[in-house]
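Here's a quick briefing for anyone meeting this structure for the first time. Have a look at the model, then read on.

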Amino acid sequence: MSVWEQLVGQEAAIEVLAEAALAARRIVDGHSDAAATDTDDARSMTHAWLITGPPGSGRSVAALAFAAALQCTGPVPGCGECAGCRTTMGRTNGDVHSVSTEATQIRIEEARDIVGRAQVSPSQGRWRVILVEDADRMTERTSNVLLKAVEEPPARTVWLLCAPSPEDMITTIRSRCRHLSLRIPSVQAVADLLVRRDGVDPAVAVEAARSAQSHIGLARALARDPQMRQRRREIITAPITVRSVGEAVMAASDLLETAKAQAEAQTEERNARERAELLRQLGMEEGERANAHSRAQLHQLEEEQKRRAKRAIHDVLDRALVDLLAIYRDVLMLQLGTGADLVNEDIAVTISDIARASTTAQTFERVEAIEEARRRLAANVAPALALEAMAIALRPQV
């Protein structure tokens, strides 16, 4: 199976990446220095890429597939069968270094480590590939650490940076990368993938893909877990039913507590496993008194887990707010009489009631309130305050 089959609804992007991978192969086979060539191959293949697209569009999947195609030794780059493709897609290829973070930011120490790895020539593959899956989680200071390395990398080093949009990267790095934008795949394309890859019932697959707004990872989770589908519906419908300030505050509190519980469920098992492994490495038993060195190691792990928990809560909340935006998108479609399909078919009655009881201007104001809450969360405003202000703004206007 070709590595490109992992990408859903991204035919134009696949064409660009496949052409670049083929040009990269010709460069390696025919030239010792890609930067020195002035050919169509050199123009198709560049040393730095910025791959952008909305959440769930497959930015990291596209970058990993491209990395595999660059390492491919099969008849056509990206064959999916050769050792280069299999090890890259399995994330075991020594010449492909993938960087992601479960904290809110990539630390500057991590950026320096990335730069060091980028200077090393490939040991067995055709290229040294540095894949930064969360490039948007670098501060300007951290991004500047990468700048020189991205601007002037060794001849056979390729940078693949992933971010939601070009504006999430500093201008100096953005200007040195070739930009590739991914689109949101269609609901049917995502549903077909769930049916083909995961054996999901076609009707459930369509419902999950629509509810997830074509976010592939979320659609898969919703399709496989009925309880998650119900929990998601409860989370996003609570703020739209408030009638008073008190109800708004309660809805905001419930949303935050649910997000914390969901984030804890996602990280609890992993945290316990990491702690047990660290204790084993330190030769300690749970509850045993630690010396200074062991305490430092345990403290470092706890801090890392706290950062991961903070990001998990933020991600759950942001996803809930995106789902909430979809409800008001449906409201607006009804108010404007577009005839477009509703994203939230299962609460069509509620959406219709809101559309009749409000104006398009009020709907736009509510959308702006949700977007403002997302901006405040991204700026590390206390979640309770951001959510309360949003929920109050969503109340019916008297």
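**A first look around**

Q10 counts as buried, because its relative accessibility is 2% and the cut-off for buried is under 20%. Keep in mind that this is a predicted model.

**Q10 and its surroundings**

- You'll find Q10 in the segment before α1, the helix that covers residues 11–30.
- Which residues does Q10 touch, once neighbours within four places in sequence are set aside? They are S57, L182, R183 and P185.

**A111 in helix α5**

- A111 sits in helix α5, which runs over residues 108–118.
- With a relative accessibility of 0%, A111 counts as buried too, since anything under 20% falls in that class.
- Leaving out residues up to four places away in sequence, A111 is in contact with T142, V145 and L146.
- Take L146 from that list: it is 35 residues away from A111 along the chain, yet the C-alpha atoms of the two are separated by 6.7 Å.

**The buried side of helix α16**

- Helix α16 spans residues 383–393, and its buried residues include A386, L387, M390 and A391.
- Those four cover an arc of only 125° around the axis, so they end up on the same side of α16.
- The spacing is worth a glance: an α-helix has 3.6 residues a turn, so residues three or four places apart point the same way.

**The whole chain**

- If you're counting elements, the chain has 16 helices and 5 strands.
- How does the radius of gyration fit with a compact globule, and why? A compact globule of 398 residues would come out near 21 Å, and the chain has 24 Å, which agrees.
- Along the principal axes, the C-alpha atoms fill a box of roughly 70 × 60 × 40 Å.

**Surface and charge**

- Buried residues make up 46% of the 398 in the chain.
- The accessible surface is about 19600 Å², and carbon and sulfur atoms account for 51% of that.
- On the charge side, there are 49 positive and 56 negative side chains.
- The centres of those two sets lie 2 Å apart.

Methods: Residues numbered from 1 in each chain as written. Predicted model: local features only at pLDDT ≥ 70, side-chain atom pairs only at ≥ 80, totals over all residues. Heavy atoms only, no water. Helix = DSSP H or I, 4+ residues; strand = E, 2+ residues; numbered from the N terminus. Rg over C-alpha atoms; globule rule 2.2 N^0.38 Å. Buried < 20%, exposed > 50% of the residue type's maximum accessible area, 1.4 Å probe, protein only. Areas by Shrake-Rupley, 256 points an atom, 1.4 Å probe, with all protein chains shown as cover. Lys, Arg positive; Asp, Glu negative; His and termini not counted. Charge placed at Lys NZ, Arg CZ, Asp CG, Glu CD. Arc of directions from axis to C-beta. Contact = heavy atoms within 4.5 Å.
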